[in-house]
Amino acid sequence: MSEHLVDIQNLHLSFFTPAGEVKALNDVSLFLDEGEVLGVVGESGSGKSVTASAIMGITADPGRIVSGKVIFNGHDIGSLDEKELRKIRGKEVSMIFQDPMTSLNPVYTVGNQIEEAILLHTEKNKQEAKERAIELLRLVGINEPEKRIKQYPHELSGGMRQRVMIAIALACEPKLLIADEPTTALDVTIQAQILELIMELKNKLGMAVILITHDLGIVSSMCDRIAVMYAGKVIECGTTDDIFYNTKHEYTKGLLRSVPNLYEEESSRLIAIEGTPVDMLNPPAGCPFAPRCPQCMKICLKEMPPYHEFSDIHYSACWLTQKAEFEEAGKGEE
Amino acid sequence: MMANQDILVEVQHLKQYFPVAGSSIFKKAYVKAVDDVSFAIPRGTTLGLVGESGCGKTTTGRTLLQLYEPTAGRIIYDGETIFDSGLDGKKVKANMLPYRRKMQIVFQDPYASLNPRMTVGDIVGEAIDIHHLAASREDRRDKIIKMLERVGLNSEHANRYPHEFSGGQRQRVGIARALAVDPEFIVCDEPISALDVSIQAQVINMLEDLQHEFGLTYLFIAHDLSVVKHISSRIGVMYLGKMVEMADSNEITFHCCHPYTKSLISAIPIADPKISRASKRIVLEGDIPSPVNPPSGCHFRTRCPYATPLCAEKEPEWKEVSPGHFCACHHLDQVK
Ligand SMILES: Nc1ncnc2c1ncn2[C@@H]1O[C@H](COP(=O)(O)OP(=O)(O)OP(=O)(O)O)[C@@H](O)[C@H]1O
Ligand SMILES: Nc1ncnc2c1ncn2[C@@H]1O[C@H](COP(=O)(O)OP(=O)(O)O)[C@@H](O)[C@H]1O
Ligand code: SF4
Ligand code: SF4
Ligand SMILES: [Mg+2]
Ligand SMILES: [Mg+2]
């Protein structure tokens, strides 16, 4: 029995495309405890959304879990059928996305859509559902909710649509909210509102949050722990302070170095990560970051670095941090 | 900014109003996308423009290039007035062809801005052809390859199509196309917004190198103030079609005075937990109002924590609060 709220164990998930197998997740292990906020960062295509969907028991065609396990709230997600999964989704775990327009139905009013979520998962009747919908809109900071429930999604601004999505996601007070780039399409001042709302609701309702983003600034202020993904692997994971101040993996270091610092008086040249992101159809052998890594060694090109633990919760997969083991392997080679 | 600086590009009281589709012909409604904006960019420097989506950044850039005919205002390029709606009575509309070569644009979306049916070589070559910059076929080919190499691509790439490239590489193609005609001034409209963090720094570095190498002048548009601050010498902050504050980059970052700029800066997530945990965010109430029907007086008053009845009655004046630092707000003495 796992004691974590989410416990992903050695998950391998591939998309079997006509062009070949895309190993979207390559041995991902992650956990999340109740009430915790975990940030997941990484570039486009690194596997953030696929990981999140796997927790919900969703794998888009032609994808398949090849091996490994996802345990959520005591359920072994892989062993459940669609009907059982539907009971969990929306009730125990909810997800919000980057573009609320694609998840909201344009032909139904905002009220209809929130009420539907409530009716699906609770014993409430229509009138009670309507009252709850108004209460939820108020909870997510929408003024005049009695008026808003009669409106259609296109009549709302981007920020308000995201609030509506959050209201739907929270309809049944889930234990886990997965937010997949929830503010990428929003302006910074609206982003600040939504992020503050998510944190406020988390504190009020005591739910856990997985926050997927490519913005290191967002995770720095909101998350307890951060997982950094690259090419379908969690290459480093630790507390927010571990990741920012005790950085171990060369990719994480590169990422942190490459963002401009607003508060430096003299702009110094940015330190870019050279090269291009991994072609997931033809990933390199060994460490996936090797072709772009300034510290790349011989062994990096051949063998996938194993995880090394720096503490109970800080680990990374990089040969450099494992000098001792590396020397061992190097001896064997020569 | 010094009065004796060599100004390459200047706009005065620039306006760009778009008619609202479906509005009555008797009482036409307009989106005042750019409403009385003025600035000057010294040669070889970068002016950054920031603000939330729909505030008029792109429209400012495109109007300045006269991709849209300005509704009103004056545009001065390298000392020549190339457009004047008659601010002092005299109308000017210069032939833009010679200026098209000198003034280029790089777009936000490297996917949409490149013709999918043209090879990368022809995309870069097209600009060279339009302005008759190649003496011969060999010369054309040499120029294309030189440009591709300059932006970190190579001669092999010339025969490939845009879809064969990653986002960052496509943005390099867009930059090569702009550079191929030997411009002096480039409007960079969100050139890195569509790119991954690890690729953004590559493109920023390249734009900076090219600026030094060719003495280029940029108007750099982005919504990410950290990036704009990094690349710009001066920054203008826009809100609903108006410029609300303008100053040197460090001045804006450390001593901004407009309430909107303050909230914008405080809303930027800082990638340093010690700083971001300690800093207090000013979270603005409410949404950005529609530009079709902006609030009276100061456009920002519906979200401004300092607003008074005066702000609804009267538009604040554009004042110089310290040398080179301009701001439009009635209550600067109260803003903290
Ligand atoms: N339906 C699908 N068919 C084939 N491959 C897919 C599918 N969905 C995802 N993939 C592949 O799985 C990998 C991980 O995708 P995922 O969407 O999780 O990335 P991400 O990090 O969330 O990216 P982004 O930031 O662009 O959303 C990528 O290589 C992607 O191309
Ligand atoms: N061709 C057009 N026709 C009508 N309205 C437009 C047009 N281009 C822009 N607008 C409007 O002008 C305003 C400013 O737009 P834009 O300059 O594109 O904003 P941004 O700062 O996001 O680049 C917006 O309200 C936009 O909808
Ligand atoms: S394993 Fe090698 S190539 Fe990979 S990040 Fe570490 S040093 Fe770089
Ligand atoms: S003029 Fe008034 S509303 Fe506008 S920014 Fe200043 S205080 Fe706020
Ligand atoms: Mg994604
Ligand atoms: Mg724009």
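Let's start with one residue: Arg74(B) is buried, because its relative accessible area is 13%, below the 20% cut-off. Keep in mind that this is a predicted model. I'll come back to Arg74(B) in a moment.

Where does Arg74(B) find a charged partner? The partner is Asp88(B), and the two side chains meet in a salt bridge, N to O, at 2.7 Å. Now look at where the two sit. Arg74(B) is in strand β4 of chain B, residues 72-77, and Asp88(B) is in the loop between β5 (80-85) and β6 (91-93), so the bridge ties together parts 14 residues apart in sequence. Their surroundings contrast. Asp88(B) counts as exposed, because its relative accessibility is 64%. Arg74(B), again, is buried.

On to a second pair. Arg140(B) and Asp122(B) form a salt bridge, and their closest N and O atoms are 3.6 Å apart. This one links distant parts of the chain: Arg140(B) belongs to helix α4 (residues 137-150) of chain B, Asp122(B) to helix α3 (residues 120-130), and they are 18 residues apart. How exposed are they? Arg140(B) is partly exposed, at 22% relative accessibility. Asp122(B) is partly exposed too, with a relative accessible area of 35%.

Third pair, please. Glu315(B) bridges to Lys242(B), with 3.0 Å between the closest N and O atoms. Glu315(B) sits in the loop between α11 (309-313) and β12 (318-322) of chain B, while Lys242(B) sits in strand β11 (residues 242-248), so this bridge ties together parts 73 residues apart in sequence. Is each end buried or exposed? Glu315(B) is partly exposed, with a relative accessible area of 45%. Lys242(B) counts as buried, at 12% relative accessibility. Over in chain A, salt bridges with shared partners join Arg132(A), Glu135(A) and Glu173(A) into one network. How many salt bridges are there over all chains? A search of the whole structure finds 25.

Now the ligands. I'll take ligand 1 to begin with. It is surrounded by 17 residues, and the closest are Ser44(A), Gly45(A), Lys48(A), Ser49(A) and Val50(A). Look at the oxygen atoms of the ligand. One lies 3.4 Å from a backbone N or O atom of Glu43(A). One is 2.8 Å from a side-chain N or O atom of Lys48(A). And one is 2.7 Å from a side-chain N or O atom of Ser49(A). How much of ligand 1 does the protein bury? Alone, ligand 1 exposes 630 Å², and the protein buries 66% of that. Three elements of chain A give two or more residues to its shell: β1 (6-17), β2 (20-32) and α1 (48-55). Of these, α1(A) gives the most, with three residues. By type, the shell has seven nonpolar, six polar and four charged residues.

Next, ligand 2, in chain B. Its surroundings include Phe18(B), Val31(B), Glu52(B), Lys57(B), Thr58(B) and Pro291(B). A polar backbone atom of Gly56(B) is 3.2 Å from one. An N or O atom in the side chain of Lys57(B) is 2.9 Å from one. A polar side-chain atom of Thr58(B) is 2.5 Å from one. Ligand 2 has 570 Å² of accessible area on its own, and the protein covers 64% of that. Elements giving two or more residues to this shell are β2 (30-42) and α1 (57-64) of chain B. Which element gives the most to the shell around ligand 2? That is α1(B), with three residues. The shell divides into five nonpolar, five polar and two charged residues.

Stay with α1(B). Six of its eight residues are buried, so to speak most of the helix is covered. Among the buried ones are Lys57(B), Thr59(B) and Leu64(B). Just after the helix, Gln66(B) takes a positive phi of about 60°.

Last stop: the surface. Tyr263(A), Phe254(B) and Ile275(B) make a nonpolar patch there, with about 240 Å² of accessible area together. Ile275(B) is in helix α10 of chain B, residues 273-278. It counts as partly exposed, because its relative accessibility is 36%.

Technical notes:
Residues are numbered from 1 along each chain as its sequence is written. Chains are lettered from A and ligands numbered from 1 in the order in which they are written. This is a predicted model: local features need pLDDT of at least 70, side-chain atom pairs count only at pLDDT 80 or more; totals for chains, interfaces and linings use all residues. Side-chain values use heavy atoms; hydrogens and water are left out. A residue is near a molecule or strand if one of its heavy atoms lies within 4 Å of it. A polar contact is a pair of N or O atoms within 3.5 Å; within protein, one must be able to donate a hydrogen and the other to accept it, and residues adjacent in sequence count only if both atoms are side-chain atoms. Accessible areas come from the Shrake-Rupley method with a 1.4 Å probe; for residues, only the protein chains shown count as cover. Helices (H or I, at least four residues) and strands (E, at least two) are DSSP runs, numbered from the N terminus. Ala, Val, Leu, Ile, Met, Phe, Trp, Tyr, Cys and Pro count as nonpolar, Asp, Glu, Lys and Arg as charged, and the others, Gly among them, as polar. Patches are made of residues with over 30% relative accessible area and no salt bridge: like charges are joined within 9 Å, nonpolar side chains (Val, Leu, Ile, Met, Phe, Trp, Tyr) within 5 Å. A salt bridge is a side-chain nitrogen of Lys or Arg within 4 Å of a carboxyl oxygen of Asp or Glu. Buried means under 20% relative accessible area, exposed over 50%, partly exposed in between (1.4 Å probe, protein chains only).
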